[in-house]
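Trainee: I would like to go through the wording of some descriptions. Please set each value against its definition.

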Amino acid sequence: MPRFSLPRTARLSRTHKISAALVASASCAAALAMTAAPSNAAAPAAHASATVKPVSANGLPVMAKDKAATEQDHVVTASVADHLKVTAVDKQGHAAQQAADRSAERAEIVKEAPKAAPKAAAPKQYTDNLDGWIRESLDIMKSKGIPGSYEGLHRNIMRESSGNPHAINDWDINARNGIPSKGLLQVIQPTFNTYHVSGTPHNLYDPVANITAAANYAAHRYGSIDNVNSAY
């Protein structure tokens, strides 16, 4: 049976119509699908919103390694801060300990410092007269253990010389023998030399030396100058 054949132009027109119909059908199906499942379309959007990746300062997404590096930086920063705090506390403690040690050292120095020697008492002053000579002689006699009193010395001095330290006896036996009695208590030179008391001048005419030597002689011969009431 002979085939009926359409002209080429007619065939092309028919083909285009069929294609347009298929595209239209696909568009309708897609629209129906989106209308039928609105929740499915919204879910990806919500999920996308919930899983937005962080971005760095330059606006680019932060990668896993960048995030790890950032966290490590925070850890290092915190560690450095803690170390600085510990170091500061240690320095404060060390400074306080050094201050305590210095205080202890100063206390030890003060404790061990030798005490200042007491000031020497000023030498006793005596008047340059008979009263002063007798009192100075009494102090020396006391330090040497020589007995005698103010009254015993004064009484014998007034009888022997009337208080004149330069008095000389030029008429008694001693004078005739060439060794006259001299001074307040009329002592001859040999007696003075024998009973001279250390610490006094080696001068027979010195008032204190004369009194002290005479008192020393009287103590040895009579027990004390207080026991002498005449020439001795």
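Mentor: Start with H4 and H5, which cross in a right-handed way. The model is predicted, with local features needing pLDDT of at least 70 and side-chain atom pairs pLDDT 80 or more, while totals for chains, interfaces and linings use all residues. Residues are numbered from 1 along each chain as its sequence is written, and side-chain values use heavy atoms, without hydrogens and water.

Trainee: What makes the crossing of H4 and H5 right-handed?

Mentor: H4 passes H5 in the right-handed sense, that is, the near helix is turned clockwise from the far one by less than a right angle.

Trainee: Which residues make the contact between H4 and H5?

Mentor: Leu130, Asp131, Ile134, Arg135, Leu138 and Met141 of H4 meet Tyr150, Leu153, His154, Ile157 and Met158 of H5 (heavy atoms within 4.5 Å). By class, eight are nonpolar, one is polar and two are charged.

Trainee: How do you know how H4 lies against H8?

Mentor: H8 covers residues 207-222, and its angle with H4 is about 50°, with axes 9 Å apart. H4 is therefore oblique to H8. Their crossing is right-handed. Trp133, Ile134, Glu136, Ser137, Ile140 and Met141 of H4 touch Pro207, Val208, Ile211, Thr212 and Ala215 of H8. Eight of these contact residues are nonpolar, two polar and one charged.

Technical notes:
Helix = DSSP H or I, 4+ residues; strand = E, 2+ residues; numbered from the N terminus. Nonpolar A, V, L, I, M, F, W, Y, C, P; charged D, E, K, R; others polar. Axes fitted to C-alpha atoms, helices over the stretch in contact; angles between N-to-C directions. Parallel < 35°, antiparallel > 145°, perpendicular 65-115°, else oblique.
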